[in-house]
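Hello,

Here is the structure I promised to pass on. Please open it first, then read my notes below.

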Amino acid sequence: MHSGEAITSVKNQYARHAVPYVIGLLVAFGLAFYSIVAAITLFVGTLIFFIYQQVTIRRERKAWEQYVHSLSHRIEDVGKEALTGMPIGILVFDEARRISWFNEQSRLIFELEMELGISIDSIHSAFTELIEEEEDEATIEVGDRVYRVLYNKEYQTLYLFDMTDEAEIEQKYSETQTVIGVLYLDNYDEMSTAVDEQVRSEINRRVTVLLNQWAQKYHIYMRRTAADRFFLVMNERTLSELENNRFSILDEVREATKEHKIPLTLSIGIGCGETTLTELGNLSQSSLDLGLGRGGDQVVVKRHNGKVRFFGGKTNPTEKRTRVRARVISNSMRDLIRESSRVLIMGHKNPDMDSLGASIGIMKLAEFVGREAYVVIPAGETSVGIQRLVSEVENDEELYSRFLTEFEAQPLIDEQTLLVVVDTHRPSLVISRDILDRAERVVVIDHHRRGEEFIEDPVLVYMEPYASSTCELVTELIEYQAGTRKLSILEATSLLAGMVVDTKGFTLRTGSRTFDAASFLRIQGADTVLVQHFMRQDLDSYIEQSHILENTDIYSDGMAIAVASDDEVHHQVLIAQSADQLLNMEGVKASFVIAILPDGRTGISARSLGDVNVQVIMEMLDGGGHLTNAATQLNVSREQAKTLLQEAIDHYMTDETEGEDSE
């Protein structure tokens, strides 16, 4: 209430009290004309009552004033007690962020001889971040206590509330959250068929004993649901312990069975987070699928919030695919192509021989089935090898007419168009994200280990991380559909070139199936001389590569890092070739080449001979690839990229591999 309103209210109150007496005086004045005695009596009575009322009002007012005065003192005392005695720390600071007032509780919290004028930043580092970022609150730890800090910007005051008990309850609640896992023996079937019954029983017994001891040690509920599968239930505290020791059970099982022809490896998928048991079960299964898609012999921990962590996966996976699966996929591809109006094939950005060769192979597969197919190629500059291949294709008018740019391919997309993505499964890496988003039916064929980013809802996925290349996979699909039909020399050569490039001349990631596929292509007329023509390096590229390798340092235990000049731009293929060349040096276990790409980003190409899993290192930098062949692109400078790479190598060397946030 404003002062003017208060005065008006008081005046109205006095006016109401005066009305009876005014009426009494007026009546007394009127009686004076009839009886002076009656008038005087009424006047005196009215006056007595008026005086009595005034005395009573003054007495009540004085008592009220005394009560208000007493209450004000009590409130003031309570306020002082709250500021000084309540278990709440209060810090007041000035514009220079120096303490201008504090209460006794603040001194007890920080156990300091606090003085007026000291910097608020010197008390706790979290205060600096809270004030500079103008946050409303934060949680800090002081000793073994936890405090919630509230920041009042207007009065430049910090309030500290002890939340230790609540934090302990929250931690206990978090530690007892249910975690569900699925443990899978990766190559149990292969082991069962490769060894005799006595050896198989011994391996099975040894592995079962190890797993039971592991489960008992960490208080894990484990039940075998199939010969090669176990169901796991634990809590968050146990999961934290397992993460801290990097799931050593992977190494223990591998070591216990390594003397046999086919050593057993484990893959574990774990689902955790605050969600329903049904969702936890789905998370654990999807985690296992992700781990198996990346080659097995690893643990994938997936939280409900989308965060994923990987453990293990540092060994070269053994080949587990069968020709039965290849035949099934080939038949499924045939049916999908027949149901389609046309087929579009698309690889990854900055296409290499494997990407373009596989695209040509799928185009030929569609032709065998009787559907027109088109290969989407990038409109920008490509590597020298790809330019040579395209130049050869231009000599074949029929084949070249099937090559389209993104703009030319757009009108061909309808509800029945089948899009086949080859040599990648990450939507961010395809040549055209718009084509991918518009296509309703997508097939993914890739030989890279699966990452968390994946094309949504494909109708068919053929991912084999054990294959040498995507061209090898496509060649096997063609074998089951070719019959008496043949590939042209250029088509067969394109597929063979992709295999040669990705295997570095059949020296890395090469299995018996690789040579079988290469033999089929040679029978079809693949020209090895033409393959060498595609792969030949011109003098300018060789000199450019030499300049890159001049700035090479051995960072740690055979990890060679070459950093290109800052004023030069290099193509991704040349960077990869430089990493391959660096790997040939004596004592180099893994090579990393850092250079500026044509799009302005900083590219890193990584290679190894198999002892170092460069895929894991590149995944820490949002990249990916294979155990021996990986890469990434970063929006940072070369120096920053080198620092990030060294940190990733350090994490890898200390076995502290972490996964990324899904989208």
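**Around Ala-373**

Ala-373 is buried, at 3% relative accessibility. Keep in mind that this is a predicted model. Ala-373 sits in strand S13, residues 373–376. Beyond its neighbours within four places in sequence, Ala-373 is in contact with Val-343, Ile-345, Met-363, Ala-366 and Arg-402. Leu-418 is 45 residues from Ala-373 in sequence, and the C-alpha to C-alpha distance between the two is 9.2 Å.

**Overall picture**

The protein has 663 residues, and 47% of them count as buried. There are 24 helices and 23 strands. Take the contacts with a separation of 6 or more: 64% of them join residues 24 or more positions apart. The exposed surface comes to about 33400 Å², with 52% of it supplied by carbon and sulfur atoms.

**Salt bridges**

Side chains of opposite charge can pair when their charged atoms come close. The whole structure holds 27 salt bridges.

Start with Asp-297 and Arg-254. Their side chains form a salt bridge at 3.0 Å, N to O. Asp-297 lies in the loop between helix H10 (277–293) and strand S10 (298–303), and Arg-254 lies in helix H9 (residues 249–257), so the pair ties together parts 43 residues apart in sequence. Asp-297 and Arg-254 are both buried.

Next, Glu-491 and Lys-364. This salt bridge is 3.3 Å, N to O. The pair links distant parts of the chain, with Glu-491 in helix H18 (residues 489–503) and Lys-364 in helix H12 (residues 353–369), 127 residues apart. Glu-491 and Lys-364 are buried too.

Asp-437 and Arg-433 also meet in a salt bridge, at 3.3 Å, N to O. Where do Asp-437 and Arg-433 lie relative to each other in helix H16? Asp-437 and Arg-433 are 4 residues apart in that helix (residues 433–438), so about one helical turn separates them. In general, an α-helix has 3.6 residues a turn, so residues three or four places apart point the same way. Asp-437 is exposed, with a relative accessible area of 53%.

**Helix packing**

Two packed helices are described by the angle between their axes and the distance between the axes. For helix H17 (residues 470–482) and H18, the angle is about 145° and the axes are 8 Å apart. H17 contributes Cys-471, Glu-472, Val-474, Thr-475 and Ile-478 to the contact, and H18 contributes Ser-494, Leu-495, Gly-498 and Met-499. By type, the residues of this contact are 5 nonpolar, 3 polar and 1 charged.

Helix H13 (residues 384–394) is worth a look as well. Its buried residues include Gly-385, Ile-386, Arg-388, Leu-389, Val-390 and Val-393. What do the buried residues of H13 pack against? The partners are H12, helix H14 (397–400), strand S14 (403–404), H18 and helix H20 (528–535).

**Cysteines**

A disulfide is a covalent bond between the sulfur atoms of two cysteines. How many disulfides does the count come to? The count is 0 disulfides. Cys-272 is buried, at 0% relative accessibility. Cys-471, from the H17 side of the contact with H18, is buried with a relative accessible area of 0%.

**Backbone points to check**

Gln-156 has a positive phi of about 50°, although it is not a glycine. Gln-156 is in the loop between strand S4 (145–152) and strand S5 (157–162). Is Gln-156 buried or exposed? With a relative accessible area of 18%, Gln-156 is buried, because the cut-off is under 20%.

Phe-247 is not a glycine either, and its phi is positive at about 50°. Phe-247 is in the loop between helix H8 (236–244) and H9. H9 is the helix that holds Arg-254. Phe-247 counts as buried, at 1% relative accessibility.

Best wishes

Key. Residues numbered from 1 in each chain as written. Predicted model: local features only at pLDDT ≥ 70, side-chain atom pairs only at ≥ 80, totals over all residues. Heavy atoms only, no water. Helix = DSSP H or I, 4+ residues; strand = E, 2+ residues; numbered from the N terminus. Buried < 20%, exposed > 50% of the residue type's maximum accessible area, 1.4 Å probe, protein only. Contact = heavy atoms within 4.5 Å. Areas by Shrake-Rupley, 256 points an atom, 1.4 Å probe, with all protein chains shown as cover. Salt bridge = Lys/Arg side-chain N within 4 Å of Asp/Glu carboxyl O. Axes fitted to C-alpha atoms, helices over the stretch in contact; angles between N-to-C directions. Nonpolar A, V, L, I, M, F, W, Y, C, P; charged D, E, K, R; others polar. Disulfide = S-S within 2.5 Å.
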